[in-house]
Amino acid sequence: MRNYSILLFFFLAISIPVLAQEDLVYQKPSAPILSLADFEPAPSVSMDTKKNYMLLTYRSAYKTLNDLNEEEMRLAGLRINPVTNIGAGVNYLYNLKIRKVKDSQAEPTQVSSLPENARITNIGWSPDDTKIAFTNTTATGVELWVIDVATAAATRLTDANLNANMGFPYSWHKDNKTLLVRTIPPSRPALIDSKKDLPKGPAVSVAEGKVSQNRTYPDLLKNKTDETNFETLVTSELYNVSITGEKKLYKSAAIYGAQSISPDGNYILLSVIKRPYSYIVPLFRFPQQATVYDLAGKEIKVVNETPLTEIMPKGFSAVPAGKRNVAWRSDKPASLYYVEALDKGDPANKVNFRDEVFVWDAPFEKAPASIAKTPQRFGGIIWGDATTAILVDSWYDTRSMKTYLINPAALEQESKIIFDRNYQDIYSDPGNFETKKNEYGRQALAIENGNVFLIGNGYTKDGQFPFIDELNLKTLKSKRLYQSTFKDKKEDIFSIEDFKTGVALVMIQSKNEYPNYYFRNIKKRIAPIQITFNKNPFEAIANVHKEVIHYKRNDGVDLSGTLYLPVGYDINKKEKLPLLIWAYPAEFKDKNSAGQNDKNPNQFTFPYYGSFVYWVTKGYVVLDDASFPIIGEGTKEPNDNFIEQLVANGRAAIDAVDKLGYIDRSKVAVGGHSYGAFMTANLLTHSNDFACGIARSGAYNRTLTPFGFQSEQRNYWDVPEVYNKMSPFMNADKMKKPILLIHGEADNNPGTFTLQTERYFQAIKGLGGQARMVLLPKESHGYAAKENILHTLWEQEQFLDKYLKGK
């Protein structure tokens, strides 16, 4: 038996005062849960911009443990497979098919000549939508392939020598015949084996008396060997590769951080990562130089140089000083824009304007021109045409967001405020501006007869009703063109496909109807035309009772959750059953936003390991996605009374379901993942409302995340009492309820290192509590391997049957 197929479990029962270890092979949950968990996913769909063709992509529901066991190196925030030269956590597709969108009754065409045992990712349509590129990962490396859409035939363009360690390894040129590709230099040196090569000295880092606030980043460089191996793995050469397979060197070896071709196709913006590297921040904060070249590779202009950024001001609205967000405008042939902080990037500095936006036309012989200053932090820009753009700024402390109409060509014109709102207020959300491909093949603001368009989620106190609005650019007044009226289904609006005829692409689903794409005509009162026909793979729970319930916290805050009753439950007899609550806390600055409902009872019921929905097959009542708002109004921060609000949220949820008559309130369990695990441990510690809990991949000692966590901007030394009170580890002596602790042994999420669960378990054990710790081999923050996921479900099933049903 392979070592990685054995799990180490640590279990402490009340009657056994010593540590017990179990050698246990992988288990599977009982048949009702297994039948739902072991399924074949429907294909995902990608359509060309004209909606003539769709690409159907097929994947397995899970990875295997063997996939996770492939070689991996962790360097500068990356996890790299050094054999294949692609990210270690990549999700692969195994098959591709093509279908004409309007031939809804036709069987999709199998893409011919795909590689055997295909491991497909990095899919990209050509600018004219006639071809689709993708990469295939072999046992030794990454190849580039291309599909001719009309014939559905695939062709390999390169050997397995692409370098995908930094992400997407190619870009389409505007000619639709050539791709700019990152490849491994043929003279690449061998990697240094840190286990065999002894270090020549210690690793030394220095603090130079400057205040900074960095999160607890994972997978950082640790020594000179790491630095050398990092350089070896991420250094690439750039080649222009033709769809005929011909290739020509464009740029010699360097660490290319990003590549971007101008809308007119005549220039290429390349960023290169430089030394010195850092042992306390990941690669995106290493020094970089951004340079524009012409198509022949001649340097036109160095447009930005950023230093190593280890020092950052405090706060979520903090940004680096100097130029940032350097990118091409989508509405002009070759014009860059960038942003520069006017407050030195520090939210504590008092200024009238936080950021300034500049544009800079190639070949960059004239000075950059300022087109806007923002009172808040720059949040993005949607380019329309020479005289129209939409600008957004926001400020974290107040949750304020403003949307402006600006004229990039008339610098003297004052910007006009279109929307001024709290971005957490989903009921007032005006939607997202619709874009379409412009003359350069780039997405730009869709402008028709002086109007722009917004597509909104349509959350209201009465339910969710997505909409399309038309906004006049002169009057800034909007007119509703369409709003969904479904009350027994959920409709999502993706895009407007034809502005003249009123055709929109939508997705329609219900609690037992799998989501499918439709064309809806918003001008004609005709039924939507279905274009995909995916079936429900979860028929066993198709008819379970599902509703969104609404209730109030003891301070009047509105709360909600999605309630499921077990399969076959007689709602008239109202048998008292155990209740499972799954939740994740969220921070707000006002009660109104915190109390708004974003749940839709008509959303398709898709059970997965990240919820308790499976347990409706086992006689449990489930309250999924229960509201757990943490509110800090005015000068108060949400976490100032985190525990009190957490307990109140949990009690309100139990009271609400108990009032309906469905549950035995002495048999209630709570669970959550990540911050939801942190929530679970605190509820079991500070409340008597729960019999037991399941906490997965959480952080339990906030002194190990001393410079902020989740939405907390203050550091430990600002508010030690808040950090200590919120930390379950600091209160482990109060933990008297059984808890199941599960964690991936290779967690890559900032703050939730596996050590958090190991130390918390040791504290509970040493203080006489009841806990079971399960460390899942090879898993990161989100679990991926089928063996581990099915075993996780088995662990949860055994735990709940013992401590809840059998209570």
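Q: What sits over the ring of Y338?
A: That's the charged end of K323, at 5.0 Å from the ring centre. Bear in mind that this is a predicted model.

Q: OK. And which ring does the charged end of R399 sit over?
A: The ring of Y396, with 4.2 Å to its centre.

Q: Let's do ring against ring. How many aromatic pairs does a search of the whole structure find?
A: It comes up with 38 aromatic pairs. One of them is Y514 with F604, an edge-to-face pair with 5.2 Å between the centres and 65° between the planes.

Q: Where do Y514 and F604 lie?
A: Y514 is in strand 40 (residues 513-521), while F604 is in the loop between helix 4 (591-594) and strand 46 (621-626). The pair therefore ties together parts that are 90 residues apart in sequence.

Q: Are those two buried or exposed?
A: Both Y514 and F604 are buried.

Q: What about F642 and F678, how are their rings arranged?
A: They make a tilted aromatic pair: 5.6 Å centre to centre and 40° between the planes. F642 belongs to helix 5 (residues 642-659) and F678 to helix 6 (residues 675-686), so here the pair ties together parts that are 36 residues apart in sequence. Both F642 and F678 are buried.

Q: Which aromatic cluster are F642 and F678 in?
A: One that also takes in Y584, Y675, F707, F709, Y716, W717 and Y723.

Q: Switching to cores. Which residues touch the most other members in the largest nonpolar core?
A: That core has 58 residues, and the ones touching the most other members are Y551, I581, V621, L623, V657, I739 and Y760.

Q: And what gives the most to this core?
A: Helix 5, with nine residues.

Q: Pick out Y760 for me. What is it in contact with, leaving aside neighbours within four places in sequence?
A: Y760 is in contact with A681, T685, Y700, P728, F729, A732, M735, I739 and L741. I739 also turns up among the residues that touch the most other core members.

Q: How many bridges join strand 18 to strand 19?
A: Five, with the two strands running antiparallel. Q259, for example, has L270 in strand 19 as its bridge partner.

Q: While we're on strand 19, is I273 buried or exposed?
A: I273, which is found in strand 19, is buried, with a relative accessible area of 6%. Leaving aside its neighbours within four places in sequence, I273 is in contact with M166, I255, G257, L283, F286, P287 and Q288.

Q: How far apart are I273 and G201?
A: In space they're 25 Å apart, C-alpha to C-alpha, and in sequence 72 residues apart.

Q: What joins strand 27 to strand 28?
A: Seven bridges, between residues 388-395 and residues 400-406, with the strands running antiparallel. L391 stands opposite Y404 in strand 28.

Q: Last one: where is A369, and what is its relative accessible area?
A: A369 has its place in strand 25 (residues 369-374). With a relative accessible area of 27%, A369 is partly exposed. Leaving aside its neighbours within four places in sequence, A369 is in contact with V357, F358, V359 and L411.

Key
Residues numbered from 1 in each chain as written. Predicted model: local features only at pLDDT ≥ 70, side-chain atom pairs only at ≥ 80, totals over all residues. Heavy atoms only, no water. Phe/Tyr/Trp six-rings, centres within 6.5 Å; stacked < 30°, edge-to-face > 60°. Helix = DSSP H or I, 4+ residues; strand = E, 2+ residues; numbered from the N terminus. Buried < 20%, exposed > 50% of the residue type's maximum accessible area, 1.4 Å probe, protein only. Lys NZ or Arg CZ within 6 Å of the ring centre and 35° of its normal. Pairing = 2+ DSSP bridges. Core = buried A, V, L, I, M, F, W, Y, C linked by side-chain atoms within 4.5 Å. Contact = heavy atoms within 4.5 Å.
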